[in-house]
Amino acid sequence: AARSGGCFRIRDDSMPNPQFFKWREIRHDPHLRYNVKYGKIKNIDRAIEKLLRSYGGDVSLLLDVCRQSIVFEEIREMARCVAVIGDDSDVAVARIKNRYDLDQE
């Protein structure tokens, strides 16, 4: 996120609309870092249901156990983030959903 200009949602109950800050700002501000709205881990009951109903018990097919949203102001920032993630040797990208492509489910 820092290398691509990605933004994260900040929990702030005093504001009527969601607030987003770039990671460059968040990482240097303890208050913002504490208030990042991080993604939740998939509920165990939902994970088991998916495993049994859709994946025949094959745990290796279970994706999005923990998901995090990163918001971008420009498409090029999003493309940069996808490239950075793809180049990370510690990460294996299993699937990318392109919600801008009407032909992709």
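# A walk through the fold

Among contacts in the protein between residues at least 6 apart in sequence, 43% join residues at least 24 apart; contact here means heavy atoms within 4.5 Å. Before we go further, please note that this is a predicted model, in which local features need pLDDT of at least 70, side-chain atom pairs count only at pLDDT 80 or more, and totals for chains, interfaces and linings use all residues. Residues are numbered from 1 along each chain as its sequence is written, and side-chain values use heavy atoms, with hydrogens and water left out.

Let us begin with the overall layout. The protein has 4 helices and 2 strands, and from the N terminus on they follow the order β-β-α-α-α-α. Helices (H or I, at least four residues) and strands (E, at least two) are DSSP runs, numbered from the N terminus. Taken along the principal axes, the C-alpha atoms fill a box of roughly 45 × 30 × 30 Å. The radius of gyration is 16 Å, while a compact globule of 105 residues would have one near 13 Å; this radius is taken over C-alpha atoms, and the globule rule is 2.2 Å times the number of residues to the power 0.38.

How much of the protein is buried? Buried residues account for 18% of the 105 residues, where buried means under 20% relative accessible area, exposed over 50%, and partly exposed in between (1.4 Å probe, protein chains only). The accessible surface comes to about 8600 Å², and 52% of that belongs to carbon and sulfur atoms. Such areas come from the Shrake-Rupley method with a 1.4 Å probe; for residues, only the protein chains shown count as cover.

Now step inside. The largest nonpolar core consists of 5 residues: Phe8, Ile10, Ile26, Leu32 and Val36. A nonpolar core is a set of buried Ala, Val, Leu, Ile, Met, Phe, Trp, Tyr and Cys residues joined through side-chain atoms within 4.5 Å. Not counting residues up to four places away in sequence, Val36 touches Phe8, Arg9, Ile10, Arg11, Trp23 and Ile26. Asn35 is found in the loop between α2 (30–34) and α3, and counts as buried because its relative accessibility is 11%. With residues up to four places away in sequence again left out, Asn35 touches Arg9, Ile10 and Arg11.

The structure holds 1 aromatic pair, and the rings of Phe8 and Trp23 have their centres 5.3 Å apart and their planes at 65 degrees, so the pair is edge-to-face. Phe8 lies in strand β1 (residues 7–10) and Trp23 in helix α1 (residues 23–26), so the pair ties together parts that are 15 residues apart in sequence. For such pairs, rings of Phe, Tyr and Trp (its six-membered ring) need centres within 6.5 Å; planes under 30 degrees apart count as stacked, over 60 as edge-to-face and the rest as tilted.

Charged side chains come next. The structure holds 5 salt bridges, each being a side-chain nitrogen of Lys or Arg within 4 Å of a carboxyl oxygen of Asp or Glu. One of them joins Glu73 and Lys22, at 3.6 Å from N to O. Glu73 lies in the loop between α3 (44–54) and α4 (75–87) and Lys22 in strand β2 (residues 19–22), so the pair ties together parts that are 51 residues apart in sequence.

Glu74 is partly exposed at 37% relative accessibility, while Arg76 is exposed at 60%. Salt bridges that share partners join Lys22, Glu73 and Glu77 into one network.

Another salt bridge links Glu49 and Arg53, with the closest N and O atoms 3.0 Å apart. Both residues lie in helix α3, 4 residues apart, about one turn of the helix. Glu49 is partly exposed, at 33% relative accessibility, and Arg53 is exposed, with a relative accessible area of 65%.

Our last stop is Val65, in the loop between α3 and α4. Val65 is partly exposed, at 40% relative accessibility. Leaving aside neighbours within four places in sequence, Val65 is in contact with Lys40, Ile41 and Lys42. The C-alpha atoms of Val65 and Gly6 are separated by 21 Å, and these two residues are 59 residues apart along the chain.
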